[in-house]
Amino acid sequence: MKIIWFTENYPPSKGGMSRSCDRIVANLRVHHTVDVFHFTNKTPAFTTENHENGTYTAIPVFEDSSHTLNMLWAFIKDHPLIKESAVFTGFGSHLCLKGITLMANWLQKPVLICFRGNDFDTAIFSQKKQDLLYTITNATAIACVASEKQERIKIMRLNDQVYFTPNSIDFKQWCILQSDLALANTIKTELQLTVKTNIIGLVGFLKQKKGVDFFIQTLQKSQLIKTVHLHIVGEIEPHIELELNRLEISYSKVLPTSKTELIANYLVCDAIAIPSIYDGMPNVIFEAAALNKPIIASKAGGIPDVLDKNTAFMFDVLSESDLLNALASYDNASQELLSKKSEQLLKQLKSNFTTAQETKSYLDIFNKITTKTHEN
């Protein structure tokens, strides 16, 4: 089977969605040919590279999304790879929502649209809503990284082929090396914190949906404020930094440029906080679990698909009292309890969220929708 894969999130782009996309494509290529069409200006436009069991083509991005998609259409409508393909996939992003289902229908190809992160959440309440509704209605199938999104889309009754395709992690890629430990020790020394300081990490692109404003305002009222230091690993919006300074909360920030730096900065932390207001299924959960870090998390989006009270310190979205209780529970927890929660989460992930299971969920959908199209 030849799969055409459209996305804005693929290396050399950085971030959790790019890592997820790279992992999923690599694992699918074990079974089928996957030709990636990547919306990016980081690689010369319309250049195609041969990859193992597939290709990679850069699609230029313009300020006008309509022009971007018209350029894509002009490039692919008679392209040999497209003609030979069995199925299209749109992986996240508004460009995929706006154009890929329509193009698939023009070319009479079945199409799987993958909702990741906040692409559904932001589009459904924005001027992009019509694009989203068209995509849901006319896609052959929908894949959701969070079960709550799967249920919300099902309730809309626009498409009866809506599937839950949870995230995974390749634990072999997250082994702790001596170089990681050495770098972590160096970073911790440079922070010049006391031994009693409790370092809580906030990891990723900390957009509004991540609930950081709510978290730091509540943290300031907690018993933990006397000993806490926030270690921000990723990008942060300027107003959040202003608020940290206004509340006089101890913090540091770093933007890792390599996986070694990312792992080392995780290791610096005593726990990882994920206070999202709405979300998909954050890679941060899996990465923190792989590195045995306790997690303090909201019950947003796909987070409860992975975490529960036995594996993390959970709180209701935007509930100040619930977050204060979760912070107090974490602060009062013994090392034995922290280790128990981390061990239990790791065991659960290794049983229920493997890369093999993730790959199978996609393969099952592709087999179903291509078989159905062939029969029709």
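These legends describe close-up views of a predicted model.

Local features need pLDDT of at least 70, side-chain atom pairs count only at pLDDT 80 or more, and totals for chains, interfaces and linings use all residues. Residues are numbered from 1 along each chain as its sequence is written, and side-chain values use heavy atoms, with hydrogens and water left out.

**View 1. Helices H12 and H15 cross.** Helices (H or I, at least four residues) and strands (E, at least two) are DSSP runs, numbered from the N terminus. The axes of H12 (residues 283-290) and H15 (residues 335-352) come within 9 Å. They cross at roughly 115°. Axes are lines fitted to C-alpha atoms, for helices over the stretch in contact; angles run from 0 to 180 degrees between N-to-C directions. H12 contributes Phe286, Ala289 and Ala290 to the contact, and H15 contributes Leu345, Leu346 and Leu349. Contact means heavy atoms within 4.5 Å. Six of these residues are nonpolar, with no polar and no charged ones. Here Ala, Val, Leu, Ile, Met, Phe, Trp, Tyr, Cys and Pro count as nonpolar; Asp, Glu, Lys and Arg count as charged; the others, Gly among them, are polar.

**View 2. An open sheet has six strands.** The order is E11-E10-E9-E12-E13-E14, with parallel pairing. Two strands pair if DSSP finds at least two bridges between them. E11 (251-254) and E14 (313-315) are the edge strands, each pairing on one side only. Neighbouring strands are turned by 20° against each other on average, direction ignored.

**View 3. Helix H10 packs on the sheet.** Strand E10 (residues 228-233) runs parallel to E11, joined by four bridges. Leucine 230 stands opposite tyrosine 251 in E11. H10 (residues 238-246) touches E10 and E11, and its direction makes about 155° with that of E11.

**View 4. E3 and E4 form a hairpin.** E3 (residues 48-51) and E4 (residues 54-59) pair in the antiparallel sense over four bridges. Threonine 48 has threonine 57 in E4 as its bridge partner. Two residues lie between the strands. Asparagine 53 in the turn has a positive phi of about 60°.

**View 5. Lysines sit over phenylalanine rings.** The charged end of lysine 341 is 4.8 Å from the ring centre of phenylalanine 313. Lysine 350 lies over the face of phenylalanine 171, at 5.5 Å from the ring centre. A charge sits over a ring if NZ of Lys or CZ of Arg is within 6 Å of the ring centre and within 35 degrees of the ring normal.
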